[in-house]
Amino acid sequence: MRPIEIERLGGVVGAAVHGVDLSKPLDDAAFAAILEAWHKHSLLVFHDQRLEPEDHIGFARRFGEIENHVLKANLMPSHPEILLSSNKKKADGKRVGRAYNGEYWHSDGAYLPTPSRASLLYGIEIPIGYGDTMFASTHAAYETLSQPYKDLLNGLTCAHEFHQTYRTNKDRLAEFKVSAEENEYTSSPVTVHPATHTHPETGRRALFVDPSFATGFLELESSESDTLLAFLRDHLTCPAFTYRHRWQPNDLLLWDNRSLVHAAVVDYDDSMPRYLHRVTVKGDPPQR
Ligand code: SIN
């Protein structure tokens, strides 16, 4: 096998990993090299992978306990660890999976008491040149703030809710609003996280204010909170902190939700099929 090579892709986020076949068992040295690159670049791209659901889930398990997504109706029946993300329709007209998933900037599981550590998204059918995924570094967003803003945010906690994204993006998401049967998180409990956190493996600080799921800062008056949230939604996605991934079929993306927010670019429609599998790994409660 070729030695593993890491090719940097973006200014602050993203690297491609060459010389790895994820359908085969990875030895500890190869896994350690991948982990080191993941910590450094936050997002890794593995091109040209041929993965059965078992391979995908098996690689994800190297990063920790798998967390089945709260959208139960979109899980693969034979492998509920896999969230089906697709705009395709079955013969009965129903969607194959979650259509146009993740259209707004967010971090996976930010609404959970234990937000997701890693997400592994495998592209099977891709509308070539469309449906890119964008990533932005929450470390860069924190590090570029002035000291008074850092001090303010280091003293705040922020509430997050799964359903917040349906409130703020009402019209666009009308078709996809989850029903009680589809989602075990229907009551949309509020989860409070520190507004900044320290990455548990690298020690690097980052913002932890989700652009889609955050509802407000507990210590602020509501007008102050709304203003700060609006500023941070802009700041978190400043172009200088981003990398935009143009998909090829058989790409596997592995990203760190403690270091990034991401958004799916919906510039395609139902005439352009897109079909992906996502596995998510459970994380820990964010700590200052
Ligand atoms: C997501 O996992 O948020 C969706 C990303 C994508 O489909 O591009």
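Tyr-100 counts as buried because its relative accessibility is 9%, where buried means under 20% relative accessible area, exposed over 50% and partly exposed in between (1.4 Å probe, protein chains only). Tyr-100 is found in the loop between S5 and S6; helices (H or I, at least four residues) and strands (E, at least two) are DSSP runs, numbered from the N terminus. Although Tyr-100 is not a glycine, its phi is positive, about 50°. Asn-250 also has a positive phi, near 75°, and lies in the loop between strand S13 (242-245) and S14. At 16% relative accessibility, Asn-250 counts as buried. Most residues other than glycine have a negative phi.

The model is predicted: local features need pLDDT of at least 70, side-chain atom pairs count only at pLDDT 80 or more, and totals for chains, interfaces and linings use all residues. Residues are numbered from 1 along each chain as its sequence is written, and side-chain values use heavy atoms, with hydrogens and water left out.

The chain has six helices and 16 strands. Its radius of gyration (taken over C-alpha atoms) is 18 Å, close to the 19 Å from the globule rule for 288 residues, so the chain is as compact as a globular protein of that length. That rule is 2.2 Å times the number of residues to the power 0.38. Along the principal axes, the C-alpha atoms fill a box of roughly 55 × 45 × 30 Å. Of the 288 residues, 57% are buried. Contact means heavy atoms within 4.5 Å; among contacts between residues at least 6 apart in sequence, 80% join residues at least 24 apart.

The largest nonpolar core has 29 residues, and Ile-34, Leu-44, Phe-46, Phe-59 and Leu-254 touch the most other members. Such a core is a set of buried Ala, Val, Leu, Ile, Met, Phe, Trp, Tyr and Cys residues joined through side-chain atoms within 4.5 Å. Among the elements that each supply at least two residues of this core are helix H1 (28-41), strand S3 (43-46), helix H2 (53-61) and strand S14 (252-256). H1 gives the most, with five residues. Beyond its neighbours within four places in sequence, Phe-46 is in contact with residues including Val-17, Ile-34, Phe-59, Asn-250 and Leu-254. A second, separate core of 17 residues includes Ala-195, Ala-214, Phe-217 and Leu-236.

Rings of Phe, Tyr and Trp (its six-membered ring) pair if their centres lie within 6.5 Å; planes under 30 degrees apart count as stacked, over 60 as edge-to-face and the rest as tilted. The count comes to ten aromatic pairs. Two of them are listed here.

| Pair | Centre to centre | Angle between planes | Class |
|---|---|---|---|
| Trp-38 and Phe-63 | 5.2 Å | 70° | edge-to-face |
| Tyr-149 and Phe-231 | 5.2 Å | 70° | edge-to-face |

Trp-38 in helix H1 and Phe-63 in the loop between H2 and strand S4 (75-76) are 25 residues apart, and both are buried. Tyr-149 in helix H4 (residues 147-154) and Phe-231 in helix H6 (residues 222-236) are 82 residues apart. Tyr-149 is partly exposed at 34% relative accessibility, and Phe-231 is partly exposed at 33%.

Ring pairs link Phe-31, Trp-38, Phe-46, Phe-59 and Phe-63 into a cluster. Arg-62 lies over the face of Phe-31, 4.6 Å from the ring centre. Lys-88 lies over the face of Tyr-275, 5.7 Å from the ring centre. A charge sits over a ring if NZ of Lys or CZ of Arg is within 6 Å of the ring centre and within 35 degrees of the ring normal.
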